[in-house]
Amino acid sequence: MKVSIIGSTGYTGMELVRLLSKHPKVELKILTSRSFAGEDISDIYPNLRGKVDTKCEKLDLNKLAASSDFVYTALPHGVSMEVVPELVDRGLKVIDLSGDYRYNNLKTYEDWYKPHQSPSLLEKAVYGLPELNRSKIKASGLVANPGCYPTASILALAPLVANNLINKDNIIIDAKSGTSGAGRKLSLGNHFCEVNNNFKAYKVANHRHTSEIEEKLTLVGGEDITLSFTPHLLPINRGILATIYANLEENLDTAKILEYYEDYYKKEAFIRVMEEGILPEIKNVAGSNYCDIGLKVDERTGRIIVISAIDNLIKGSAGQAIHNLNIMAGWDESLGLEDLSLYL
Ligand SMILES: NC(=O)C1=CN([C@@H]2O[C@H](COP(=O)(O)OP(=O)(O)OC[C@H]3O[C@@H](n4cnc5c(N)ncnc54)[C@H](OP(=O)(O)O)[C@@H]3O)[C@@H](O)[C@H]2O)C=CC1
Ligand SMILES: CC(=O)N[C@@H](CCC(=O)OP(=O)(O)O)C(=O)O
């Protein structure tokens, strides 16, 4: 399969290049960049040296369409929607990593982002969370890869919501992300002295991922969900840990709820439900495509506390995007995604 990447020099683009360079069925074709056109990707990211020496080039849609079967757009939201309609019109299969095609509801997108330039494609696009949408992803030509916080949050909550085990009015998601979640572009809030030796909340009560998590969990549970989501910035490169609180509808113990999770995810290669007493940690997933989920019932308060951990650049973006490619192409879902975390 001939695969090209638009926006290959960002962190998710680089991670796609790195992972796809080991994928047995993928031939990397065109890597686009505005800022680094003419430069070898391995000069921009020297970790790729000796493995991928493709020169980045400016986007030429006709050339890209002639040499690719499949395209990733790893662009900022708002920029993807300027390019994706042209790719779809040319008959290319597309996986977009931005927020632009994730929503079913146009108004929700426009309330949290900005006016949409190709709203008709929202109906065509499929939300690319394989554990919830596998058959639709397989049949789709345009997949919207989920956000990193939504991946960690939706996977942690779906078994509770689907089985009506919790009150859906007062879910709280307290999530922490490594700084690569903000991308490679420079910004004051993300430079070393601001992030190192620090830990802070941001976009409290107005982060756009709140709406993505609500829309997708509403579909899982079949009734409206409104929740609180607070992101925090961790002084580490990779990884997300989400701690989620919800009120149980009935008196169930930890072991019983774990049975629901085991059942819900029994066929999933990349979900690891932790046995009672073991909780997820970022170092166990960083560098891998796993989402680890652990939980405990707090019998004093009647609340359940679920903890999930992912690598934002792998399960939270590039790895999940390769999982989606494997599903769309009808290949073994784990191809190119077999690595365990480095642990240290
Ligand atoms: N980082 C993460 O953990 C996650 C990111 N995402 C999403 O994936 C997408 C990419 O994120 P990430 O790789 O982190 O971002 P980066 O900022 O690291 O990279 C963005 C890429 O887009 C290109 N680009 C930037 N602005 C424009 C523009 N105006 N027109 C065309 N190209 C542009 C840049 O390269 P150049 O200027 O050279 O063209 C660069 O290659 C975003 O939508 C992000 O929200 C999703 C999940 C997780
Ligand atoms: C640490 C950090 O800044 N994280 C990013 C989330 C990145 C991501 O997954 O989001 P999208 O694909 O929806 O842009 C943020 O909070 O905006």
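This note comments on helix packing and the nonpolar core of a predicted model.

1. Local features require pLDDT of at least 70 and side-chain atom pairs count only at pLDDT 80 or more, while totals for chains, interfaces and linings use all residues. Residues are numbered from 1 along each chain as its sequence is written.

2. Helix α1 (residues 11-20) is mostly covered, with nine of its 10 residues buried (20 or more other C-beta atoms within 10 Å of the residue's own, C-beta atoms being placed from the backbone). Helices are DSSP runs of H or I of at least four residues, and strands are runs of E of at least two, numbered from the N terminus. Among the buried residues of α1 are Tyr11, Glu15 and Leu20. Their cover includes β1 (2-6), β2 (27-32), α2 (41-44), β4 (70-73) and α12 (314-329).

3. The largest nonpolar core comprises 87 residues (buried Ala, Val, Leu, Ile, Met, Phe, Trp, Tyr and Cys joined through C-beta atoms within 7 Å). Leu16, Tyr72, Ala152, Leu157, Ile240, Ala242 and Ile293 have the most contacts inside this core. Helix α8 gives the most to the core, with 10 residues.

4. Leu157 touches Ile171, Leu217, Ile244 and Val306, residues up to four places away in sequence being left out (contact: C-beta atoms, placed from the backbone, within 7 Å).

5. The axes of α8 (residues 148-162) and α11 (residues 254-264) come within 10 Å and cross at roughly 105° (axes are lines fitted to C-alpha atoms over the stretch in contact, with angles from 0 to 180 degrees between N-to-C directions). The two helices are therefore roughly perpendicular (65 to 115 degrees). Ala158, Pro159 and Ala162 in α8 meet Tyr260, Tyr261 and Tyr264 in α11.

Conventions. Chains are lettered from A and ligands numbered from 1 in the order in which they are written. Angles under 35 degrees count as roughly parallel, over 145 as roughly antiparallel, 65 to 115 as roughly perpendicular and the rest as oblique. Two residues are in contact if their C-beta atoms, placed from the backbone, lie within 7 Å. A residue is buried if 20 or more other C-beta atoms lie within 10 Å of its own, exposed if 12 or fewer, and partly exposed in between; C-beta atoms are placed from the backbone.
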